[in-house]
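Reader: Hi! I've got a new model open on my screen and could use a hand finding my way around. Could you walk me through a few spots?
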Amino acid sequence: MRVLGLALVLAAYGAVADEDIILPPIQQDDKLPERLLVLMPGGLVPNEHYKLTAEAIQKATTGVRLTVVIPQVFQRLCIITCPFKSTCSPLKSRVDEAVAKSGFKGKNPKEDTFLAGHSLGATCANYLVQAYHYEFAGLLEFGGFVDISGDGSIANYSIPVLHMAGELDGGGARVSSLAGLYGQTKAFAEASSWEDALKMKPVQVLEGMDHSDFCPGFFVTKTKDCKSEVTQDVALAKIGEVASAFLHLHTPTSDATKANALATMKKALPFTQEMCEPFLTAFQLEGQQLTSPPNGVPKGPWCAVAQQVIVGLSTPDANKLKIEPCKLITTGLHQFEHQHTNYTLMPDGSLDVTCFTAVEPSKMSISGSQFSAISVDCKMVDATRVAEQLKVATNDSVSCADINRQAVEVAKKLLPAKSLKRFEEHGRDVCFMPDTHAPGNVGPLWVKSAVKTEETKECLQVTSSKLDSPITSPIFPGNHYCKLLSPAAAMDWMMTDSHKPFPYPSASDLEEEISKASMETIQI
């Protein structure tokens, strides 16, 4: 996708070059410490669209003589000259050249130079920091993020790192992704303190803002951004407020300035928690039990919920089914394929059943990643086996789609109140399509199948893949397998993608836009 888009742009554009933007300090007190902020522009965004953002940060950073450099990058795509962490020297040279024009004389980049980036620029900034062994005072990620796991993750980042993105970011830095990052910050806070976490690894969701608020005047359609609910002035003030707090916390400013900066971070935290904590609950529900489930939300794990539903027991008989917590297989689908359900009729007349879970993570790249699973795979005992063993009537017509309906209802209970209200008033709904059969009811083919999601103007159509093998079947009788919609994925749809226009611009539409002189509605 990136390569195709890049080829299209280069063919239509030819050479694209901006001018380096140099913003000298607005604070003139020579007793204040001098610092440099290098802001990497997003993909195909003319760097002039970051000038207002940079000025807002300078204006709010009252305790520092802050120079800001917004370099022009080759073809407005920093990733061309820094495609991997091991191949960033061309971009580093370009940055150094731009900084040299600013007249800033740094003494030690680990103390006086901060790197920032927006969108694709955030990816490049992260790559640069790691490529040059974290030789910077800190990293600011706007509408983007560092590595999800490993040495370059928030948990292991060796320099201070700030993440902030809009509540209505339509791209990879959407709330569901920020929630996963927030989870790492929360773990750090629990091991240390929230004050340390807000200083070293803050993650902040900015209310009402979208991805494009970081580059005012340029609406990002390529990330299929949502529409901001705040004015440009409000957005810039909030960006400046949070970014300056981070800069003040990592610069030798006065105690009062640092106290105010920490207070700013603390003030922003409750909204971030309101948005992110429900996703952490939903992520856990995918494969584990909840210790304290919110009102109306099942304890889980989700396949145990599915097992209770799929057998179709009447309310009076429901307590006769005892479900062992579905075993979560974390060693891959090849191991999950070889797990088989079991059942035992207990002396008290109840039926004890064993089920299995696999949680399939997103396969998307960082530019469009999400932390919610693309599928929760459940191997369950079926209704005909339960009827046979308990000698009761069951409804064997219950489908995987019925469980998906329940996933959406659980998602509604978990969504923040303002997000649910927005969805119910403006969002596209979820439609539940009839289950599809694995070819020949063959287990390995079911394992390789997937939940199908397809957007329409009216809704997100969700189709589960099933393997339905009643007790009359000659192959693994008494089983019902489902590939299910995760409640977290349902939340992600309701909070973000359901609010986007449909259909999106086609490839030909994009090509036509590229031919226009402004070229200010597309981003890679």
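This is a predicted model: local features need pLDDT of at least 70, side-chain atom pairs count only at pLDDT 80 or more; totals for chains, interfaces and linings use all residues.

Reader: Which helix is Cys-276 in?

Author: Cys-276 belongs to helix α9, which covers residues 255-287.

Reader: And which residues is Cys-276 in contact with, leaving aside its neighbours within four places in sequence?

Author: Those are Leu-178, Ala-179, Tyr-182 and Val-205.

Reader: How far is Thr-496 from Cys-276, C-alpha to C-alpha?

Author: The two C-alpha atoms are 13 Å apart, while 220 residues separate Cys-276 and Thr-496 along the chain.

Reader: Nice. Switching to the open sheet: what's the strand order?

Author: The order is β8-β11-β10, so you'll be looking at 3 strands with mixed pairing. β8 (321-323) and β10 (342-345) are at the edges; each has a single partner strand, so one side of each lacks a neighbour in the sheet. From one strand to the next, the twist averages 25°.

Reader: How many bridges join β8 to β11?

Author: There are 3, and β8 runs parallel to β11, which spans residues 351-354. Ile-323, for example, has Val-353 in β11 as its bridge partner.

Reader: What about helices, which one lies across β8 and β11?

Author: That's α10, residues 302-310, running at about 165° to β8. Helix α12 (residues 383-390) also packs on the sheet, where it touches β8, β10 and β11. The direction of α12 makes about 15° with that of β10.

Methods:
Residues are numbered from 1 along each chain as its sequence is written. Side-chain values use heavy atoms; hydrogens and water are left out. Two strands pair if DSSP finds at least two bridges between them. Helices (H or I, at least four residues) and strands (E, at least two) are DSSP runs, numbered from the N terminus. Axes are lines fitted to C-alpha atoms, for helices over the stretch in contact, and angles run from 0 to 180 degrees between N-to-C directions. Contact means heavy atoms within 4.5 Å.
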